[in-house]
Amino acid sequence: MQFKPAVTALVTAVALASLLSGCKEEEAAPAAQAPQVGVVTLQAQAFTLTSELPGRTTAYRIAEVRPQVNGIILKRLFKEGAEVKEGQQLYQIDPAVYQATLKSAEANLQSTKSISDRYKQLVTEQAVSRQEYDTALANRLQSEASLQTAQINVRYTKVLAPLTGRIGRSNVTEGALVNNGQVDAMAVIQQLDPIYVDVTQSSVELLELRRELESGRLQKAGENAAMVKLTLEDGSEYKRQGKLEFSEVSVDEATGSVTLRAVFPNPDHTLLPGMFVHAQLQAGVNAAAILAPQQGVTRDLKGSPTALVVGPDNKVELRQLKASRTVGSQWLIEDGLKAGDRLITEGLQYVKPGVEVKVSEATNVAAKNPAPAQATDKAAGGKGE
């Protein structure tokens, strides 16, 4: 029993040494450092909003060539698929019967003209009655009308192009019988320069655009508001600009869309009727748009766009965004961010709302990232609530 005080003192000394050692380790442990993030300071900037709409090309003018007299086709005088000029002869219908009718009408006119001239002199001498002279004069006028009709029919045996354009395939051949008023066209001519492009726009988008213009959020694009650009089926851009002609005054009940028509110069005939295209129409100008780099915009579990920004106290804040469309490598922000906000684009995985951070300029975004001259109005994801 005389050893117990010594054992107790030894245990106490060991425990005290361990406690002191733990305190020294805690004092030696470095304090946790604030995470480093890269930010982009947002600036308001102006850009032109462009609506991209699907559409199809349509010939500027179309003429279906039909015969105006009956007869047999003697010749076809054009090359299928070629360019024809207004007034150019396309077909020759057998004119023999109509030429004979013309000669008969000329002879009949000569006869009635002689009688009316003779009666005109005799009626002044009261050698014939006024009634006989009036009848002779009427016969002469009728003969003149018959002659005119015969001349027209002879002219109609030459089937002429009603307009300048490209003619398609011929639906009749030499020896075929054609009739005045027949349903089937002999050929079709289409004027391709200029050419129409008919596009459709949702009536909902049209109403939204009008509201934004009325509220002042968008301004009219100016003198070039009616100018239209075109993207072809293969993704290439048509090198000539078009001009908006008009919009329909009613909404298609089946599709809920409005048809807009633009006209484009087409001297090389690059555009052919029926081609599917995309047209870019200048809708308006937003003078103070907020464009955020896509690297700084994420989505929550509901799919709504969100962003992390650094507040004045260098603490992270979560923002719910309303981002309607993309503009190149950026999002067009309608609500949730403003000019001067420091948007985090680097180090997002290391921070959360409320954490204090160290701030530096982002390196994953170009130093100069101006808004493009035009922004395409496309569906680019859901809108945040």
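Between which two strands does the loop that holds His-269 lie? His-269 is found in the loop between S12 and strand S13 (276-293), where helices (H or I, at least four residues) and strands (E, at least two) are DSSP runs numbered from the N terminus. This is a predicted model, in which local features need pLDDT of at least 70 and side-chain atom pairs count only at pLDDT 80 or more, while totals for chains, interfaces and linings use all residues. Residues are numbered from 1 along each chain as its sequence is written, and side-chain values use heavy atoms, with hydrogens and water left out.

**Backbone features**

- His-269 has a positive phi of about 60° although it is not a glycine, and this residue is buried, with a relative accessible area of 16% (buried means under 20% relative accessible area, exposed over 50%, and partly exposed in between, with a 1.4 Å probe and protein chains only).
- Asn-314, another residue other than glycine, has a positive phi near 60°; Asn-314 sits in the loop between strand S15 (305-310) and strand S16 (316-320) and is partly exposed, with a relative accessible area of 27%.
- The peptide bond from Asp-193 to Pro-194 is cis, with omega near 0°, and Pro-194 has its place in strand S9 (residues 187-202).

- Four strands form an open sheet in the order S6-S5-S3-S8, with antiparallel pairing (two strands pair if DSSP finds at least two bridges between them).
- Strand S6 (158-160) and strand S8 (177-178) stand at the edges with a single partner strand each, so one side of each is left without a neighbour in the sheet.
- Within this sheet, strand S3 (residues 71-76) and strand S5 (residues 89-93) are joined in the antiparallel sense over three bridges, and Arg-76 stands opposite Tyr-91 in S5.
- Leu-74 also has its place in strand S3, and at 42% relative accessibility this leucine counts as partly exposed.
- Together with Ile-72 and Leu-177, Leu-74 makes a nonpolar surface patch of about 260 Å²; patches are made of residues with over 30% relative accessible area and no salt bridge, like charges being joined within 9 Å and nonpolar side chains (Val, Leu, Ile, Met, Phe, Trp, Tyr) within 5 Å.

**Strand S1 and its partners**

- Strand S1 (residues 36-41) runs parallel to strand S20 (residues 358-361), and four bridges join them; Gly-38 stands opposite Ser-360 in S20.
- S1 also pairs with strand S19 (residues 342-346), in the antiparallel sense and over four bridges, with Ile-344 in S19 as the bridge partner of Val-39.

**Helix H3**

- The 27 residues of helix H3 (residues 130-156) should span 39 Å at 1.5 Å a residue, and the end C-alpha atoms are 39 Å apart, which agrees; the expected span is 1.5 Å times one less than the number of residues.
- Buried residues of H3 include Tyr-133, Arg-140 and Leu-147, and the buried residues of this helix pack against helix H2 (96-124) and S6.

**Ser-257**

- Ser-257 lies in strand S12 (residues 257-264) and, at 13% relative accessibility, counts as buried.
- Leaving aside neighbours within four places in sequence, Ser-257 is in contact (heavy atoms within 4.5 Å) with residues including Thr-200, Ser-202 and Asp-252.

How values were computed
Areas by Shrake-Rupley, 256 points an atom, 1.4 Å probe, with all protein chains shown as cover. Salt bridge = Lys/Arg side-chain N within 4 Å of Asp/Glu carboxyl O.
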